[in-house]
Amino acid sequence: MNLPSEESAVPRFHCEMKSEQKGARARAQEERPGTYVDGVRWRQFRARARSGSTGGHPPARHETVLPGPLNIDEAQRALRMQVAPEQATFGELVATSAAARASFERMACAAACNATVLLEGETGTGKSRAALAIHRAGARANAPFLVVDCGALPANLLESELFGHEKGAFTGAIQRRVGAFEEADGGTIFLDEIGELPAELQPKLLRVLENREIRRLGSNTYQAVNVRVIAATHRDLRREVQEGRFRADLFFRLAVVGIPLPSLRERTEDIPLIVERILAGLGATPEQLAKLTTPDFLTRLQRAAWPGNVRELRNHLERCLVFQSALPPTSPDALAPAAPRAVDASLTYAESRRRALETFEHDYVEALLKLHGGKVSQAAAAADMDRVYLYRLLRRHGLKS
Ligand SMILES: Nc1ncnc2c1ncn2[C@@H]1O[C@H](COP(=O)(O)OP(=O)(O)OP(=O)(O)O)[C@@H](O)[C@H]1O
């Protein structure tokens, strides 16, 4: 039986489904690109007449309750509708919340096709991890995955980074250099912080996306590239378009599959699971794990603000391990009683969120610079930010000329 797929590279016999007297059985035939139901990867699935539902983690096998026997249509519907595991994973990402699972579903769809993807989410929501997971779950998994931070370099260097240059293309170009698009040929290029792409490079990237060909700096000829593009931004790109900082045509080219990543505030129910994952990754001992997953501590973590999202949570847990203690979250809003925050509910959600982010960004970089006596390099290193990017933020908020 064939299941619908947008990707021509998906094997014809990708998933085998059998109707049986007691129900239906589905078995994935290939390791890659994988078989997904509700964003969850499955190897074997059985829907049968009377049994319990076992959400799995990782879910290699699943059984659920269905009136049997089933015909193939019913079995297919069962796969789509009856599977509601409590936990979902996509690559290294884990979640139980509906918001995150909806993102995983979109990621799974994106992985199965070749379309350009735009990941949108606040800083630290896991955009880079999501990009890698999409690459790994797709047909290009064994080909290169290249990351370019569009906010990290000035325009001329970024152009060379992306498209390469010929020897002598500019002062200092002592030899020919292959750019990221060429290097990623056959694979995926991840354009992080795409909202920071300098205006002069936007038409050049648009051309690459439209024609799938690049031209090295200093060269007269275009050459074809076969690269899948995943971009990410923490900015509201629609707003950037409205305000003339980002080209509308480029935005539409990038957002063929738009995937919003929810902030941690919007999915606090995922925090216990993420905490467990992070602690395991940090090599916590069983004692440490027990101490840092008590209901009381988890509730405190769930009530904190986490403007830096999963990254901030991870840093906090790392501190807890270093100091061998369930430290209270340090974010200014942590454990705050229901004190009203300065939000204007007459604005749209998007506008309100944008303003809050702008304020956060401004306050953060201002405080950061103050803490480090105005030394940008030192501040950038301490904040684990790229120096050029920090400069850009400081200029954007009028904190440095
Ligand atoms: N679901 C998750 N489970 C465990 N760790 C996670 C998860 N999501 C993100 N992280 C961790 O949070 C940190 C930030 O993740 P990532 O770099 O993917 O976020 P981002 O959205 O790309 O951030 P930025 O916009 O600042 O580049 C990383 O250290 C990553 O390991």
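## Contacts along the chain

Among the contacts that join residues at least 6 apart in sequence, 66% are between residues at least 24 apart. The model in which these contacts were computed is a predicted one. Its secondary structure comes to 15 helices and 17 strands, and of the 401 residues in the protein, 34% are buried.

C113 and G138 are 25 residues apart in sequence, and their C-alpha atoms are 7.5 Å apart, while Q202 and F251, which are 49 residues apart in sequence, have C-alpha atoms 9.6 Å apart.

## The nonpolar cores

The largest nonpolar core has 48 residues, and those with the most contacts inside it are M107, L119, I134, F181 and I189. Helix α2, made of residues 98-111, gives the most to this core, with six residues. Another core lies apart from it and has 15 residues, among them I274, I278, L313 and L317.

## An enclosed strand and its partners

Strand β16 covers residues 228-233, and six of its six residues are buried, so this strand is largely enclosed by the rest of the structure. Both of its faces are covered, with R228, I230 and A232 buried on one side and V229, A231 and T233 buried on the other. In a regular strand, the side chains alternate between the two faces of the sheet.

Strand β16 runs parallel to β9, to which it is joined by four bridges, and within this pairing L119 stands opposite A232 of β16. L119 is also one of the residues with the most contacts inside the largest nonpolar core. Strand β13, residues 188-192, is likewise parallel to β16 and joined to it by four bridges, and here the bridge partner of T188 is R228 in β16.

Strand β13 has a further parallel partner in β10, with five bridges between the two, and V147 stands opposite F190 of β13. In strand β10, residues 145-149, one face is covered, with L146 and V148, whereas the other, with F145, V147 and D149, is uncovered.

## The surroundings of the ligand

Where does the ligand lie in relation to domain 2 and domain 3? Domain 2 (93-260) and domain 3 (291-330) both give residues to the shell around the ligand, so the ligand lies between them. There are 18 residues around the ligand, and T123, G126, K127, S128 and V310 come nearest.

Four elements each supply at least two residues of this shell, namely β8 (93-95), α3 (127-137), α9 (271-281) and α12 (309-322). By class, the shell has five nonpolar, seven polar and six charged residues.

## Two partly exposed residues

C113 is found in the loop that leads from α2 to β9, the latter being residues 117-120. With 19 other C-beta atoms within 10 Å, C113 is partly exposed; the cut-off for a buried residue is 20 or more such atoms.

Q202 has its place in helix α6, which covers residues 202-211, and counts as partly exposed, with 17 C-beta neighbours inside 10 Å. When its neighbours within four places in sequence are left aside, Q202 is in contact with L197, R247 and L250.

## Two loop residues with positive phi

Q324 lies in the loop between α12 and α13, where α13 is residues 349-371. The phi of Q324 is near 50 degrees, which is a positive value in a residue other than glycine. Is Q324 buried or exposed? Because a residue counts as exposed when 12 or fewer other C-beta atoms lie within 10 Å of its own, Q324, with 10 such atoms, is exposed.

D384 has its place in the loop between α14 (376-382) and α15 (387-396). Its phi is near 55 degrees, a positive value in a residue other than glycine, and with 8 other C-beta atoms within 10 Å, D384 is exposed.

Conventions:
Residues are numbered from 1 along each chain as its sequence is written. This is a predicted model: local features need pLDDT of at least 70, side-chain atom pairs count only at pLDDT 80 or more; totals for chains, interfaces and linings use all residues. A residue is near a molecule or strand if its C-beta atom, placed from the backbone, lies within 6 Å of it. Ala, Val, Leu, Ile, Met, Phe, Trp, Tyr, Cys and Pro count as nonpolar, Asp, Glu, Lys and Arg as charged, and the others, Gly among them, as polar. Domain bounds come from an automatic or database domain assignment. A nonpolar core is a set of buried Ala, Val, Leu, Ile, Met, Phe, Trp, Tyr and Cys residues joined through C-beta atoms within 7 Å. Two residues are in contact if their C-beta atoms, placed from the backbone, lie within 7 Å. Two strands pair if DSSP finds at least two bridges between them.
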